[in-house]
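Here are a few friendly notes to read alongside the model. Take them one at a time, with the structure open beside you.

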Amino acid sequence: MMTLKVNGQEHQIDAEPDTPLLYVLRDDLKLNAAKYGCGLGQCGSCTVIVDGKAVLSCVTPVLLLEGKQVTTLEGLGTASAPAPIQRAFMEEQAAQCGYCIAGMMMRAQALLQRNAKPTDEQIRAELEPNLCRCGTHMRILRAVHRAAQLMDTAALAPAEQRRAQ
Amino acid sequence: MKKKSGIIGGVVVALLLGGAGVAFAIAWRPAIAAIETPKPQSFDPARVKRGRELAALGNCNDCHTVREGKNFAGGVPVPTPFGTIYSSNITPDAETGIGRWSEAAFLRAMRLGVDREGRHLYPTFPYDHFTNVSDDDDRALYAFLMTREAVHAPARDNQLSFPLNQRVVIAGWKFLFLHPGSYKVDPTKSAEWNRGAYLVEGLAHCGACHTPRNALGAERLNAIFAGGDVDHWRAYAINAQSPAPVPWNADALYAYLRDGVHPDHGTARGPMAEVVRNLSVVPARDVRAIATYMADVLGAPSAEQKERGEAALAQANSKSQSAPVATTVDSAGGTIYVAACASCHESSRPPPYGGINLALSTAVSGPDPRNLANIVLAGVPPVTGERSPIMPGFAESMSDTQVEALLTYLRARFSKQPAWIGLDNIVAEARRTQTVSLETPADARNASAASVERAKP
Amino acid sequence: MNGPIVDRRRLLAGSGALVVSFSLTGAFAEEQGAAAAPPAPKLPGSLEKSPYLDSWIRIDADGSITIFTGKAELGQGFKTAFQQIAAEQLDVPFASLKVVTADTKLTANEGYTAGSHSTQDSGTAIQYAAAQARALLIAEAAKRLDVAPESLHTENAAVIASDGRRLSYGELVAADFLHVEADADTKPKDPAIFKVMGQPIPRVDIPAKVTGGMAYVQDLRLPDMVHARVVRPPSYGAQLADVDAAAIEKLPGVVKVVRDGNFLAVVAKKEFKAMRALAAAAKWNETAKLPKQDDLLALLTTTLKSQDHAIFERSDPSVIGQKTIEATYTRPYQSHGSIGPSCAVAQFADGAMTVWTHTQGVYPDRAAIAEMLHVPPASVRLIHTEGSGCYGHNGADDAAADAALIARALPGAPVRVQWMREQEHGWEPYGPAMVTKLKASIGADGKIADWNFAVWSNTHSMRPGGAGCLLAAQHMEKPFAVPPAKPLPLPEGGGDRNAIPLYTFPNAHVMHHFLPDMPIRISAMRGLGAYHNVFSIESFMDELADLAGADPVEFRLKHLGDPRGRDVIEKAAEQFGWHSGQQAPQDRGYGFAFARYKNLAAYCAIASEVEVNRETGRARLVRAVAAVDSGQVVNPNGLTNQIEGAIMQSSSWTLYERVSFDEHRITSIDWQTYPILRFDAVPEKIEVHIINRPGKPFLGSGETGQGPAAASLANAIANATGKRLRDLPLTRKRIKDAIDA
């Protein structure tokens, strides 16, 4: 048994320490966002955030997560109260089949948490490990820029927000 | 990195005191008159083609092209113990490149390390090797470079302190360490060996990375190919002290240099990746020659080395390796290995797409854990649009302690060598240099810690 | 307009596609004018096959309205589009509708969600069914209110009289209210007053996808569900010699090992462990002998036997060509490369088999699974549940069959089968390799005088096909044989899709060399033969334009009569800034291409700018400008998304992709060995300009961009380098070798 901190909550997990985090998230905690795309660390569909850094959960054994904070897409917001990045992806309709999107969003979120104003080039470089087969890349880039904007505006005090509009 | 300015300064003073006239004669070189930029059509296409192959052998693009930048336009930062030197623009641009250099000026630069205007070039440009290149080959290189696209890109200022930023001090360095002249054929050896020697000692300048350097930054001639450092990577010894678990031979070297991979040795990573990429497009016989020569440098394996090689292969091929990996490992390192590494590194798939069995990996058996730390942290990124190995990096998911635990486990299980010392500092340093390059904004390409840039592909 | 030579025998042979293609005759005939004999009045879209309105719409007494479509949401946004159509035609709020997609128990049989038919077939059916339902509601209200129907209007799910009296739809319906047949004379709403159709309504499925809601079959979790993994053979035709199933079943957490001939699977309580143990324990005898991957040209044009069909002939001996050129273009096998490997959940309980699957065709897959299990189809229910993008026939149908076969061995238990990445890459049916040979001549007037086109290809669909098309059924102890391959009939075609040019040439001869033997497993992949045929035609048009000394866009317009085709060409060129005599900057090139998908679906023209690094040969798309005409647009955002996606995906196919194999087995089994486009190759800009045609029939658009994107890229690379490449993919090495040569 081990304790795993996911989205701010502690869970007692009955899993072998070498189980990849992805299976614990999906099968034990019933979380949908992180996806199985390859299990080999090649496609990024399984990306989550651990202690602020984007991580491929399919090659991360839960043993490594002792004492660390895991954040999945579910932990950022909900459909009724979406986080800036979720709002941005909805506004930009940045998905076709959508299977890669959760991974994309987590990697982008980790970027925005350490660099609030990334350039287009920086976003592209950051998303390199994540594959999208439907070809939604242009919208994903727009959505990340939009998320940066939304996060920026949200950080402003209301008076500043009005001035910014 | 410690500065050696005091020592260099001392040498120059000694020279000046010892023989001002001699020193002056060495230090000063005349300018060669500038010419009108030659038209690309004026060069013989066959010579240009030969120059292209030689440029690949010389790995010119690796130092003279910034990643994703304009070809041969320079600006790549090369960290040295003395500061950072930026490579020059060798496109035929008249103002900022070599467009107004005559062929004679180019030949002099290769042979003596002097630019057209007579200024000494820093030996980061390895003219201590290029001096061995024949005039004919230099002319072909000239033809190739002068037919490239001219790029206007002014030189970046080198980051050196006084007195190292005074080029005259290089004269002293050359006096001590440059032996100008062309390669001399060894009549007791085969033509192929000689071809290999000519290339290795000359254009391919393998020793520039693989030979340790003295305090003045020159290759130690009594330790040729005994291993060196480049860009936070270890260039392993490729002489009799080679730490490879399975001894190299000419065939393995050829495959490795030509294809970038050999099942008993692994894939070329770090700065070596670009080298083998270039070698994949030069005439096969040249790669064969290099392999023949270097096999001789490595020498026939000793009895002990042979035995070690057989044991490593046996471990790699043993049945217990391919059976399901038990989870009854009693160390954190072992558990991490089983979950994060074994699915690729103990699959039945051979390199490059299956991870090499770590019993065969020089990175695990070698004296310096830096390369292993680099790879574990950064992984192996894919080559754009081409079949190539992909390994995820673990910098984000593993703490330094966890990386150390993993490396300690790998060393104990997969090598017969004693444990590494100072692993914690090495892992921390590897993470620092890797992180610096990753956090560098993409548009400030010329960051100082360029290990990941050069590691691509 | 070039109508195909229709071979009756082939027509009758391809039953599924036949029905579907006839339903397009309305759109097709409209373009033909007097040329084709008009068929008897048919019902619009899929109403022809499922004419009862209650197959499409259900209105409950409490006023809730459900729309049924036999098509599946693949990520194209159809659920949303159909909801828009129904909301518009019924005059109900968009958000009040529920859409149920492909389910053999609940929805009409609309075959496959494929061929860009969904809006044309299902959308059209829903449009007319909803319009008619509204008319029926008004008629009923008129009866009850004793007023003339013309005095009533509808709004917000109610019928309202001029005096304000109001009857909600729920109040108006009675049992079987909509159990009436569709009326071919129904008039849908005038597009001029559309409020919902034509609007970029946000997709209904995206909120769940960006917040971790239940969205995919991979997210399905049923009580007491167990996890299964199939151990596939190491190569085609391998025989399972030995496996110690008993030992594996003793491992902790393993529920069962299922073996049926060469079909081998392990079922466990938890996902992760048991698979590798079983794979290691199985011994196979391999027999496969695959062709040489580097000599597909010889394989297709010489080694494999062909059935030769002349599919288009036109002759005008008075027009003589003066300068002639010829060229051969090749395409390797290419992979769907779905990001999410295939998955299915099946449960066998009380004699009934239920399968949740992302198959594109719940009815045909059900028939095949029922055949495999030797049970009546009525006892099998397939419910479409979204998977990742499939782009055609990937492993979905097979995963459904795997799950059903395993579930049968564990009655009562929901069984989840998840394919591994290597299995999806190694066992999916690929897009077939193709060869085209073209020869044409230019006359004194600078126009094409004579055009010859020949294409060699396998079939592009191994469905419908019954159980023999399912891997599980092929591998069972009593296996089902792979049915003989048949060409898909024209006008849709398979390998010959878009082989007949839309341009008008005085002399033209088009041959389809159909190759029935399939040494590598193949089936339908987005665009089918159109990708390579359009790549060939449009590359060759540029080669001919060059020969004639003409601008590529002007040259195309010179040969194209179709006004809507001309419009998209002019639009794309204008928005790109294309002009005759233009010169791209150093190391860059401009390219143009155009096609009408299947010569009867959406029109698409694309202009591209490409940059080629002369030292490395690396080509990258800098920007692409597309123009598309899809008839009446339902959701412009969805349409733009599809075209952008088609350009990105086609660029990946065109620059990088080919399936690799050695003499024994497929070797491109993951993203290392089958690289696809990543963010470092994404262009600076993609623009999509839609030419909306209100009131015109919907034209299928999901695949219209693939061919033009490829040719546009190839033409831009040729413009940048001065070298013409004809063998796909246009890799860095091939470009470099061409430059160096």
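1. Two residues are in contact if their C-beta atoms, placed from the backbone, lie within 7 Å. The contact between chains C and A takes 47 residues from chain C and 46 residues from chain A. On the chain C side, H18(C) gives the largest share, 8 residues. That side divides into 20 nonpolar, 16 polar and 11 charged residues (Ala, Val, Leu, Ile, Met, Phe, Trp, Tyr, Cys and Pro count as nonpolar, Asp, Glu, Lys and Arg as charged, and the others, Gly among them, as polar).

2. A word on the source: this is a predicted model, where local features need pLDDT of at least 70 and side-chain atom pairs count only at pLDDT 80 or more, while totals for chains, interfaces and linings use all residues. Residues are numbered from 1 along each chain as its sequence is written, and chains are lettered from A and ligands numbered from 1 in the order in which they are written.

3. Now chain B: its secondary structure comes to 21 helices and 7 strands (DSSP runs numbered from the N terminus, helices being H or I with at least four residues and strands E with at least two).

4. Next, look at one helix pair. In chain B, helix H18 (residues 370-378) and helix H19 (residues 400-414) pack at about 125 degrees, with axes 11 Å apart (axes are lines fitted to C-alpha atoms, for helices over the stretch in contact, and angles run from 0 to 180 degrees between N-to-C directions).

5. Which residues of H18(B) and H19(B) meet? Leu372(B), Ala373(B), Val376(B) and Leu377(B) meet Val403(B), Leu406(B) and Leu407(B).
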